[in-house]
Every structure is written in C-alpha cells, then in structure tokens.
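Here is a short briefing for a reader who is meeting this structure for the first time. Please look over the sequence and the model before reading on.

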Amino acid sequence: MKRSFIIGVTGGLLGIVTAIYVIFSARSPDMILSGVQAALFSSLGLMGAAIANRETRFAGWMLLSSAVCIMFSVPLAGTVYLLYWYIPTIVLLGCAAVLCFLA
C-alpha cells in the first residue's frame, strides 16, 4: 500500500466522522447542509484514495478537489469556527493529493 492511500483513507474517514458530528450537533439547517456537503466530499476523497495505487494523477485531482470543496463549502453555514473542525481533514486530503502528484 502506498502512503497516499493510507493518508487519503485517514483523511476521508476523519472527514465523514467530523461531518456526522456536525450534523448531529447542528443548530441551524445551514449547518446540517454544510455537514452533508462535507460528508459527500469526504466520500469523494475516499474514492480518490481507493484508486491512488492505479490512477495516481486522477486520484490526486480527486483528493485535491475534495479538500478544496470541503474548505469552501463549510463556511457557507455562516460560521467560520466549523472550519477548525475540518482542518485535519483538509490537510490530510491535501497531503495525499501532493503524494499522488509526486508519484
């Protein structure tokens, strides 16, 4: 297994767990929508990590787009503090994308 696979899976699972936490502790419909979007983009990151061993460039673009979309979709809820919960996910998915591009 490659490092990009392990880091990508870790980032994707951490994003899904964080999104579930945000969904169940939400105080507004915008926060719920933000959690659902983050869960969907985290699953995109998981799919990118799954193909990281065969299609490295395409997996890198999937992981990078997942990290960027999570970073831009979370503050749409009107609260920037939610972004602090997703920082580890964004960093892990971004690192996995860089490792895919370097391979």
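A residue is called buried when its relative accessible area is under 20%, exposed when that area is over 50%, and partly exposed in between, as found with a 1.4 Å probe on protein chains only. This is a predicted model, in which local features need pLDDT of at least 70 and side-chain atom pairs count only at pLDDT 80 or more, while totals for chains, interfaces and linings use all residues. Residues are numbered from 1 along each chain as its sequence is written, and side-chain values use heavy atoms, with hydrogens and water left out.

**Helix H1**
- Helices are DSSP runs of H or I with at least four residues, numbered from the N terminus, and the expected span of a helix is 1.5 Å times one less than its number of residues.
- The buried residues of H1 are Ser-4, Gly-8, Gly-11, Gly-12, Gly-15, Thr-18, Ala-19 and Val-22.
- These residues lie on the same side of H1, because they cover an arc of only 135 degrees around the axis, the arc being that of the directions from the helix axis to the C-beta atoms.
- On the face of H1 turned away from that buried side are the exposed residues Val-17 and Phe-24.
- Contact means heavy atoms within 4.5 Å, and the buried residues of H1 pack against helix H2 (29-50), helix H3 (56-73) and helix H4 (81-102).

**Helix H4**
- H4 has a kink of about 45 degrees at Ile-87, shortly before the proline Pro-88, where the bend is the angle between axes fitted to the seven residues ending at a residue and the seven starting there.
- Among the buried residues of H4 are Leu-82, Tyr-86, Ile-90 and Cys-100, and what covers the buried residues of this helix includes H1, H2 and H3.

**Aromatic pairs**
- Rings of Phe, Tyr and Trp (its six-membered ring) pair if their centres lie within 6.5 Å, and planes under 30 degrees apart count as stacked, over 60 as edge-to-face and the rest as tilted.
- The whole structure holds two aromatic pairs, and one of them, Tyr-21 with Trp-85, is tilted because the planes stand at 45 degrees, with the ring centres 5.0 Å apart.
- Trp-61 and Phe-101 form an edge-to-face pair, with 5.1 Å from centre to centre and 70 degrees between the planes.
- Phe-101 is partly exposed because its relative accessible area is 22%, whereas Trp-61, at 54%, is exposed.

Technical notes:
Helices (H or I, at least four residues) and strands (E, at least two) are DSSP runs, numbered from the N terminus.
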